[in-house]
Amino acid sequence: MSLFITFEGSEGSGKSTQARLLYERLQAVGYPVILTREPGGTRISELIRRIVMDLRHTEMAPTTETLLFSAARAQLVSELIRPYLGTGGIVLCDRYADSTFAYQGYGLGRDLEELQAITTVATGGLQPDLTFYLDLPVEEGLRRKHLAKERAEQNAPGTTLSTPVEWNRLDARDLAYHQRVAAGFADLIRKEPQRWRIIPAEQPIPILAEQIAQEVAPLLKRVARLGEAL
Ligand SMILES: Nc1ncnc2c1ncn2[C@@H]1O[C@H](COP(=O)(O)OP(=O)(O)O)[C@@H](O)[C@H]1O
Ligand SMILES: [Mg+2]
């Protein structure tokens, strides 16, 4: 058995921070685990990421954007996620297909059934076992991102390498767009409540990490630790 866990939420909600902390925690106690991200995670997918996130690409059509995210996802699933799950390991992914529904569907107004069809092609139907939603007001997330960006630009202490600062084409969209995305996530959670865990993200980082670890704990019995007899 294996375990596939994804992190979703608005920009600056703490996904990358918490995904890394969970990764370090699982690795420290001997679980076979990898951490990856979307779009990206493989050589090809990271190249697609650069195209799709580039602030200069203002002319990108919504269909192009959707297909590029899906192409990056297809490569990540086939090259990394499926093979690793096949070995019985744990895959942590910073964003996954739910982001396509939230951002391109609810955010940009693309047809959800069409997105479902494209996503099924890209993933072969692979769905996470568990998805964390880091729930933070949109304004607060954007504030955190701006703050981190300023800190990085001033090269001030407090910016950690584990959370690289990136201000991309999607972050730069207006507040109404980000609010549609947040409402979209709420809708996705309503449709599939058993898969999602909502984590109120306006709490200190270690407290959130503890809550997340406690949600994961019951599922760990599916996965053998390294060196453990099966
Ligand atoms: N619980 C928290 N409280 C305050 N700041 C946080 C918290 N979690 C993360 N941050 C900071 O907010 C910024 C965005 O966090 P990050 O994990 O990169 O979010 P995301 O990956 O969801 O965009 C970073 O500078 C990070 O250090
Ligand atoms: Mg991030």
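Biologist: Which residue stands opposite Cys-93 in E3?
Modeller: Thr-6 stands opposite Cys-93 in E3. Bear in mind that this is a predicted model, where local features need pLDDT of at least 70 and side-chain atom pairs count only at pLDDT 80 or more, while totals for chains, interfaces and linings use all residues. Residues are numbered from 1 along each chain as its sequence is written, and side-chain values use heavy atoms, leaving out hydrogens and water.

Biologist: How many bridges join E1 to E3?
Modeller: Five bridges join strand E1 (residues 3–9) to strand E3 (residues 90–94), and the two run parallel; strands are DSSP runs of at least two residues, helices (H or I) of at least four, numbered from the N terminus, and two strands pair if DSSP finds at least two bridges between them.

Biologist: What order do the strands of the open sheet have?
Modeller: The five strands are ordered E2-E3-E1-E4-E5, with parallel pairing. E2 (33–37) and E5 (196–200) are at the edges with a single partner strand each, so one side of each has no neighbour in the sheet.

Biologist: Switching topic, which residues of H6 and H7 meet?
Modeller: Val-138, Glu-139 and Leu-142 in H6 meet Leu-175, His-178, Gln-179 and Ala-182 in H7, where contact means heavy atoms within 4.5 Å. By class, the residues of this contact are four nonpolar, two polar and one charged (Ala, Val, Leu, Ile, Met, Phe, Trp, Tyr, Cys and Pro count as nonpolar, Asp, Glu, Lys and Arg as charged, and the others, Gly among them, as polar).

Methods
Chains lettered and ligands numbered in written order.
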